[in-house]
Amino acid sequence: MTNAPVVLDKYSLGVGDRFAHQAKAQLAACMRAVERGVTVIPIWNKSNREHLIVGSQPSSTRAAADAAVRELGWTRPYYVDADHINLDTVDRFLESSDFFTIDVAHAIGRPVPQDVAESFLRRHPELASADALAAASKYLLAVGEAAQIYRRIAESKPPGTFVTEVSMDETDCPQTPAELLLILAAIADEGIPIQTIAPKFTGRFNKGVDYVGDVEQFEREFAADLAAIANAIERYHLPRNLKLSVHSGSDKFSLYAPMRRALRRCDAGVHLKTAGTTWLEELIGLAEAGPEGLALAKQIYAGAYEHLEELCAPYAAVIDIDSARLPAPAAVRDWSAEQYAGAVRHDPANPHFNPHVRQLLHVGYKIAARMGTRYTDMLVACEESVSRNVTDNLFTRHIVPLFLG
Ligand SMILES: [Zn+2]
């Protein structure tokens, strides 16, 4: 007997757990959703870049997820996502992942030969438009590379045993809904059984802070993308559960209501990939746990402040930090727990809130990684406070507004 192929549920939540200590607290947020009658599948995502910065192996993500599922008795599916992999990085994820985010954004715009684009459009007269040739030329090579990576994965894991996502979000130029349809046609031609697709949406998706852009324009584009997906499923026989994946960079609070409305109208699902805000909740939890946790959280700020340029460089495209708005470490040393937590926690109504501090700490996890067990031992010592913050953040600020409304 063969097992049925894995079919990703309608709603799923990508969570990042940089130090592999919060899987249980993250899963607890999904269990709260189940108590409220909605299934939201957890997917633990960690990119190669995060593994390199933290010094961890993909197997540690799998081990933490499995342990959390066992301990809490979660009986629904869950996945471990090889986040933003490419041909160079996929291999080390093959064993422990069952969800692959194939990132081909770097190949967008590398033109294919004219006759390749033309013959694609001859096969797809339904895509004909004034812009179709330019779009085919812009995206076909990227889709070809996605197919190469998919086949590499399928060589070592039987098809149907993993979920495939194609991501094109880490680029400056958003894809239009018409381009999304063309991309999906090309993906279907290549035989990639795609279940989620992550386009680049209009506007800025900075790490750890709210959306910057025109929310109404986003809502129109999001709804048109949902229509393109529904169209592609019928026309190109793509998996019925194919859905959008929104790489939020976390905390796009102003988009949740418009997304929820559009999803309800179309009865569509979504994968919401949050980023490292769990790590920020760890810092908040440490600060609130007592003097030792607070002192360590302040040390991490001081380290991040000192290494500002080094920490921000890999994330330059997705953060906006005004260094003049960053308090000196000497000033932070005098902060109370309430001030520290207030500065970092994403509550713009709190007078202590400082998005510059928050973004700097967001990319500052390398400082904690360098502390090694001194940091992770403190997480264990402050577990009650940390896990409460991690669960509350995911449930109250993300799951409720997007999935429960
Ligand atoms: Zn992404």
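Helix H5 bends by about 35° at tyrosine 139. The bend is the angle between axes fitted to the seven residues ending there and the seven starting there. Helices (H or I, at least four residues) and strands (E, at least two) are DSSP runs, numbered from the N terminus. This is a predicted model: local features need pLDDT of at least 70, side-chain atom pairs count only at pLDDT 80 or more, and totals for chains, interfaces and linings use all residues. Residues are numbered from 1 along each chain as its sequence is written.

H5 covers residues 132–156. Its 25 residues, at 1.5 Å a residue, should span 36 Å, and the end C-alpha atoms are 36 Å apart, so the two values agree. The expected span is 1.5 Å times one less than the number of residues.

Next, the sheet. Eight strands form a closed barrel with parallel pairing, in the order S1-S2-S3-S4-S5-S6-S7-S8. Neighbouring strands are turned by 25° against each other on average, direction ignored. Axes are lines fitted to C-alpha atoms, for helices over the stretch in contact, with angles from 0 to 180 degrees between N-to-C directions. Strands pair if DSSP finds at least two bridges between them. S1 (residues 11–15) and S8 (residues 270–273) pair in the parallel sense over four bridges. Tyrosine 11 has valine 270 in S8 as its bridge partner.

Now the domains. Domain 1 (11–275) and domain 2 (280–382) make up the assignment, whose bounds come from an automatic or database source. Their centres, taken over C-alpha atoms, are 29 Å apart.
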